[in-house]
Amino acid sequence: MIDVKDLSENIDEVLNYKPTDTPVVSLYLGVDRAKILKQEYTTVINSMIAQKKNELEQLQVYSASQKKNIYDMMDAIKLYINDYFTPESAKTILIFAKEGKIFSLVRLPYILKPKIIVDPKPHTQILRSILGNIIKYGILLLDREKAQIMLMSMGEIQEYLDAFISDVPPKVNYRSQLAFKEKNILSRIEEKLHHFFKIINEKTLIHLREGKFDSIILAGRRDIVSQFYNYLHSFIQQKYIGSIAAEPDDLPHIIRDKAKVLIEKHETEQKNKFVVKLIDNYCPQELGVLGVEATVNALMLEQIKTLIYNNEFTASGYVCSECGFITLNKEDSCPYCHKALTFYSDITDEIIESAIRQGCEIVDVQSNERLMQNGNIGAVLRFKIEAVGEYNTR
Ligand SMILES: [Zn+2]
């Protein structure tokens, strides 16, 4: 059985892969629970693999043994998807296989086109753009005697960044102490705690400045967390999104699940604010567009800074299979490369993937009423629309 947790830890190997003669299989598959049933995506993967095998048979690029190796990898992926895989919160999964076996699986938060790529190295272009887009949360779990910082992104705790231990005595035997000594001991404990909190604060600030995470969550018993909050450097306070109640020895998945709730609430608020800003500020200033037609046009002109869409959004259109040109209206051929355009009943993933390739920031919102009333999709532009017109007439 394949352990998914272990597989997602191989992401560094994927990103730093040195090409060899042994082909690597990269496979994208849409698995969004809200949109696609298991039966449907297993059908997609079967036909996609059958088609790729056909192509490879005709290409004559690979030797018989290389081809056997590639087919083994495809079969391993198929078996894994059929028998072991559950989508959880992933919209698309990206699977990498080498030497006959799966070696990494990444759960992606966006809907992307299904495809298989066979190359001397993993296909990482989209992954790199997405990783640059993803917010990393530092979770600082603290107690009077120990603390640690965990890095959470894409819904999972990815690594432990740091750990701290204080030499504050865990228990004081008050009964054996004389009353006049008690006060001194207490103040000594408070002094050590003060020292401990100061160290945590300084180290956290260093991690934040080094870009290890973008936002911070405090976790621990309520009284400790509120006490520590006052120690936070103002720069850390700006990045603070909230706290979760936790015991110092809580298991990682408990912390993760509590953090997930907080992060989701925070991100939903941020996204909703962003919709308001797009409609009320950017659009009147001609720095924003709304609706699928205006958004696709801006995307084709590489004007988009941030793409925003409701998750329920769909639209039909035409796509050039050669250069990726997207249009809503039927045209005889692609205006850029003159190849034929193909009809798609849903061009959502084409739009998102094109935006990711251009390095746009991607914001997906869930059932935002205001965005729904304004065409379900929109974008903040890199520069004013009128500036483009002037430039073109020159
Ligand atoms: Zn084209």
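Me: Taking contact to mean heavy atoms within 4.5 Å, which residues does Ile-45 touch, leaving aside residues up to four places away in sequence?

Reply: Under that cut-off, Ile-45 touches Leu-27, Leu-29, Ile-77, Lys-78 and Ile-81. The model is predicted, so local features need pLDDT of at least 70, side-chain atom pairs count only at pLDDT 80 or more, and totals for chains, interfaces and linings use all residues. Residues are numbered from 1 along each chain as its sequence is written, and side-chain values use heavy atoms, with hydrogens and water left out.

Me: Why is Ile-45 called buried?

Reply: Buried means under 20% relative accessible area, exposed means over 50%, and partly exposed lies in between (1.4 Å probe, protein chains only). Ile-45 has 0% relative accessibility and therefore counts as buried. The residue is found in helix H3 (residues 38-59), where a helix is a DSSP run of H or I of at least four residues, a strand is a run of E of at least two, and both are numbered from the N terminus.

Me: What makes the arrangement around the zinc ion tetrahedral?

Reply: Donors are N, O and S atoms within 2.8 Å of the metal (3.2 Å for Na, K and Ca); water is not among the atoms, so sites may look incomplete. The protein donors here are the SG atoms of Cys-320, Cys-323, Cys-334 and Cys-337, lying 2.3 Å from the zinc ion. Four donors count as tetrahedral if all angles lie between 85 and 135 degrees. The 4 donor atoms subtend angles of 97 to 119°, and the arrangement is therefore tetrahedral. For comparison, the ideal angle for four tetrahedral donors is 109.5 degrees.

Me: How are the donor residues of the zinc ion spaced in sequence?

Reply: Their spacing is C-x2-C-x10-C-x2-C. Cys-320 in strand S12 (residues 317-320) and Cys-337 in the loop between strand S13 (326-327) and strand S14 (341-344) are 17 residues apart, and the pair links distant parts of the chain. Cys-320 counts as buried because its relative accessibility is 2%, whereas Cys-337, at 25%, is partly exposed.

Me: How do you know that S11 pairs with strand S16 (residues 377-381)?

Reply: Two strands pair if DSSP finds at least two bridges between them. S11 and S16 share 5 bridges, in the antiparallel sense, and Val-380 in S16 is the bridge partner of Thr-306. S11 also pairs with strand S15 (residues 361-365), in the parallel sense over 5 bridges, with Ile-308 opposite Val-363 in S15. Strand S11 (residues 304-310) is mostly covered, 6 of its 7 residues being buried.

Me: Why is the contact between the side chains of Lys-53 and Asp-75 called a salt bridge?

Reply: A salt bridge is a side-chain nitrogen of Lys or Arg within 4 Å of a carboxyl oxygen of Asp or Glu. For Lys-53 and Asp-75 the N to O distance is 3.4 Å, and the side chains therefore meet in a salt bridge. Lys-53 lies in helix H3 and Asp-75 in helix H4 (residues 64-83), so the pair ties together parts that are 22 residues apart in sequence. Lys-53 is partly exposed at 23% relative accessibility, as is Asp-75 at 34%.

Me: What separates Glu-55 and Lys-52 in helix H3?

Reply: Glu-55 and Lys-52 are 3 residues apart, which means a separation of about one helical turn. Their side chains meet in a salt bridge at 3.5 Å, N to O. Lys-52 is buried, because its relative accessible area is 17%, while Glu-55, at 37%, is partly exposed.

Technical notes. Tetrahedral: all angles 85-135°; square planar, octahedral: opposite > 155°, others 65-115°. Contact = heavy atoms within 4.5 Å.
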